[in-house]
Structure formats: structure tokens, C-alpha cells
Amino acid sequence: IMARPLLLPLVLLAALGVTSASKSVLVLLQNVNTADKYSKFFGSLRDYGFDVSVKGVKDSTLKLKEYGTWLYDDLVLFAPQTEGFGGKIDRQVILDFVDSGHNVLMALNSDASESMRNLAAEFGIDVDDRGSKVYDHFSHATLNGKEDHTLIAGGNIVDVPVMVGGPYKEPVLFRGIASVIPGDAELATVALGAPSTSYSHAPKQAMLEPPSLMVGSSISLVTAVQARNNARVVVAGSLEMFTDDFFDAVVTVNGVSTHTANWAFTVTLARWAFQDRGVLVASNMRHHLLGSDEQPWGYRVNDDVEFLVDVVEVDGGVPKPFAADDIQLEFIMLNPYIRQPLQHDGNGTFSLRFKVPDVYGVFKYYIDYAHCGYSYIKLTHQVPVRPFKHNEYERFLVCAYPYYASAISIMVGFFALGFFYLYNK
């Protein structure tokens, strides 16, 4: 298969607006004067081409949409204590923002308000009660000579490099509130999990019994959600993990001094959340009979056909050929008659050769690809399959030769018997 030019995917990328250079990000802070605390995080986003606008959460001019047009591509909520927003932003507007395919990055802390916790619950993430903190008496870190059992040295990072980068030798510092996701959640991924020795507890409340829900590896410190429309939401239980202090910190964990991986982890995760990484674009779906380059209107049973599709991965607005062995093609009429993995040529073209089933009707090509960390691909294309026409059947079948021979032998025997009876006295 010859390599196809990437012109069509580039056109699609431009139409979808997935290039980072055209992306605008609205950042809402509890206090706009604290923006300097996150200067390295915001600066890294600008270095990757994002247009970052920082405003206070109570700004009376706030709005995400005007005259039916969304003004921003992504939203960052660094205001965990807010009970409401200024201007024309509320919880329903944020949910509509996500429903329209845009992305949200939320950072909470132990003082997270009921409003922000309810917003996280809309994305399938249950945040612990206000005032609770994550404690760990074994995997905590010492910062500036002060031992803090709420300063978690997280190393339980999901093994999805396109989402979080890595692998990291340094720990990710976390100090904040715990959350959990349901065990049957299909759209949520624990990007940073808590150590097995950790637990969540409100220090001002008596612990009458061990916590049954917020304990050990069931705690999610940072959760990533990818909706069915490919919109992405990240909910971090710590606002401090995005600060310059945590980026530059040198901590002691188990007697060993080390830098932190917060900068690389948070920036990579933010780029993923803003669809600057892990975006797949499928295009140029085509199929034809073997030996022909033309796409027919339909097929005949038992035809040999080839299916092809181009898939590129977008990283930083730049498309590159995608390579994977787990993209499957299904040839379906009510139930799949063919389900096989597509083969790639290393240049972004995936293909499969197969024989059309000996069943006629209306079939469809179907691809439903959902790999953790990558945007979903869902393609369908309908094609009819017809039976043989009356003049397309073989006139003589090899398997029927015994029957042909028996019919001919009966005729020969009949003529031989008649000849013998008529001309022999």
C-alpha cells in the first residue's frame, strides 16, 4: 500500500480547530492577584501555543459564550472555594461547554466548596467532604525540613504516557482532598492514585471507625475523564501541585532527597486535557475489490475486498502517522460476520483484506476504537451485498461430475438397449 499524503487530515484538523496555536484558555482564579503563584504552569501553556487569559472568578464580565459562539476552547478552574461565578457563567453553562466538545481542568483542595464538589460529581467524580485531607504516615514527604503527613509523595501514576508523560523517577507532590470514581466507570481514569497506606480524614472530626471508602488505592488524587464526544475533564484534588513552589521543591522521601515531577506531570496532563496530545483523526475511508482501485456501489457474495482508512495522531497541532495493533474492523449485518484487526503500514494507513461472507443483505463497515488516553474513533459505512445473478453461476460444477456421469450413462444404456432390441434377432 502506498503512503497517502496527509493533506486531507490537515484540512480536517483545521476544520476541527485542534491546532494548539488557535486555542484560547480561560483561567478563573479565586483571587486574580495570586496568578504569580502559577506563573510557570501558565508560562508552559503559553510556550505550547495556548492563549491564556487569567481572570478572577467573581469578575462581572465573565462569559464563555456570546451570540451562540463559544469564546474559549478550554476552561481552567483554580477557585476551589467559590460558591458561584461572576458574569454569565454558572454550572449549567460549564456543562454545556463540555457537552459542546470543550475541555475543563479543575483543581480543588481541602476547603472545596459544595458548588465545586457538585460540579465534579457531574463528571462522575465523588469528592470527599469539605475539610477532609489525604494522610499517609509512610509515603509522605519532608519539605523545607518540616515533616508533613498530608504532603503525599505520589508515584502511583497511570501507565499512559500520552496522558501523563513519564515514566518518572521523581515523586509527584500532592496535598489536598481525596475523591473516588465508581468501579464500573467507563469514561474516568485515575491519572494519579494514592499510595496503599493513605487514607482520607477530616482532622476536626473524630474517627470512630476506619474509613471504608476513602482509603488506600481506592483514592484518586487526580482523575481524567474523556466524554463520549471526546471532550476532556481533569479534576485534581490539589491546587498546590500546580504552584511554582511545588515545581521547584526539593523534598526528602524515605531519607532520600529528590526533586519533584510536578512540572512535567501537570503540564503534560493539561496538554492532554486541552486536546493537544492524544488526538486521533481518521479520514479517507475507502474500500474496493482486489485488483481494482474503484470503489463499487456494492459487493457480491464471496468477493475478495480490501478496506483502508488513514489515521493520524495530533501532538502539539502537528499530525503524525498513528501506529497501533488493536484497531478492529467489523463487517456487520445485525451481528458481526467479520471482526479482525487492521494492519498498518507505518505511514498511517490501516487496511484489511477479507472475503465477503456468503450471505446477502445490507452490511456496514464499523470501527469503534477506544484506547485509554486517545480520542475515540467511530466510523460506519454501509454497503449492500447481493447474491449471484442467474448468468453468473458456473455452468459445470466439479462436484457434480458424478451426477453428470450417471445421467450420460443412463442415456447411453437406453440407446444401447434399444439398438440391441431392434436390430438383433
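User: Which residue just after α3 takes a positive phi?

Analyst: Gly 101 does. Its phi is about 100 degrees. Keep in mind that this is a predicted model.

User: What sits at the start of α3?

Analyst: Look at Asp 90 there. One of its side-chain oxygens comes to within 3.2 Å of a backbone nitrogen, that of Gln 92. Gly 101, with its positive phi, follows just after the helix.

User: How do I read the inward side of this helix? Which residues of α3 are buried?

Analyst: Start with the cut-off: a residue is buried if its relative accessible area is under 20%. Helix α3 spans residues 91-99. Its buried residues are Val 93, Ile 94, Leu 95, Phe 97 and Val 98.

User: What do those buried residues pack against?

Analyst: Several elements. Four strands are named: β4 (69-70), β5 (74-78), β6 (103-107) and β17 (232-236). Helix α4 is also on the list of packing partners.

User: Let's move to α4. Where is Arg 117, and is it buried or exposed?

Analyst: Arg 117 is in helix α4. Its relative accessibility is 12%, so it counts as buried.

User: What does the side chain of Arg 117 join in a polar contact?

Analyst: The side chain of Glu 114, at 2.5 Å. Beyond neighbours within four places in sequence, Arg 117 is in contact with Ala 112, Val 127, Asp 128, Asp 129 and Arg 130.

User: Which residue forms a salt bridge with Arg 117, with closest N and O atoms 3.6 Å apart?

Analyst: Asp 129. The two residues come from distant parts of the chain, 12 residues apart: Arg 117 is in helix α4 (residues 114-122), and Asp 129 is in the loop between β7 (126-127) and β8 (133-136). Asp 129 is partly exposed, at 48% relative accessibility, whereas Arg 117 counts as buried at 12%.

User: Which residues are linked with Arg 117 in a network of salt bridges?

Analyst: Glu 114 and Asp 129.

User: What does a salt bridge between two strands look like here? Which residue does Asp 304 meet?

Analyst: Asp 304 meets Lys 355, at 3.1 Å from N to O. Asp 304 belongs to strand β22 (residues 304-315) and Lys 355 to strand β27 (residues 349-355), so the bridge ties together parts 51 residues apart in sequence. Both ends are partly exposed: Asp 304 at 36% and Lys 355 at 45%.

User: And Lys 63? What is its partner?

Analyst: Glu 66. The closest N and O atoms are 2.7 Å apart. Lys 63 is partly exposed at 27%, and Glu 66 is partly exposed at 29%.

User: Now the interior. Where is Thr 223, and is it buried or exposed?

Analyst: Thr 223 lies in strand β16 (residues 220-226). It is buried, at 0% relative accessibility. Its side chain makes a polar contact of 2.5 Å with the side chain of Ser 220. Among its contacts beyond four places in sequence are Ile 125, Ser 179, Ala 188, Val 233 and Val 235.

User: Where is Ile 152, and which residues is it in contact with?

Analyst: Ile 152 is in strand β10 (residues 146-154). It is buried too, at 0% relative accessible area. Leaving aside neighbours within four places, its contacts include Val 134, Tyr 135, Val 172, Phe 174, Pro 195 and Leu 221.

User: How should I read a database feature? Which residues does UniProt list as "transmembrane region"?

Analyst: Treat the label as the record's, then check the model. The unreviewed UniProt entry lists residues 401-423. In the model that span is 100% helix and 0% strand, with end C-alpha atoms 33 Å apart.

User: Which residues make the nonpolar surface patch of about 590 Å²?

Analyst: Ile 408, Met 411, Val 412, Phe 414 and Phe 415. Ile 408 is in helix α8 (residues 401-423).

User: Where does UniProt place "domain: OST48 middle"?

Analyst: At residues 287-424, again in an unreviewed entry. This span is 17% helix and 45% strand, and its end C-alpha atoms lie 69 Å apart.

Technical notes:
Residues are numbered from 1 along each chain as its sequence is written. This is a predicted model: local features need pLDDT of at least 70, side-chain atom pairs count only at pLDDT 80 or more; totals for chains, interfaces and linings use all residues. Side-chain values use heavy atoms; hydrogens and water are left out. UniProt positions are given in the numbering used here, feature names are shortened, and annotations may be inferred rather than shown by experiment. A salt bridge is a side-chain nitrogen of Lys or Arg within 4 Å of a carboxyl oxygen of Asp or Glu. Buried means under 20% relative accessible area, exposed over 50%, partly exposed in between (1.4 Å probe, protein chains only). Contact means heavy atoms within 4.5 Å. A polar contact is a pair of N or O atoms within 3.5 Å; within protein, one must be able to donate a hydrogen and the other to accept it, and residues adjacent in sequence count only if both atoms are side-chain atoms. Patches are made of residues with over 30% relative accessible area and no salt bridge: like charges are joined within 9 Å, nonpolar side chains (Val, Leu, Ile, Met, Phe, Trp, Tyr) within 5 Å. Accessible areas come from the Shrake-Rupley method with a 1.4 Å probe; for residues, only the protein chains shown count as cover.
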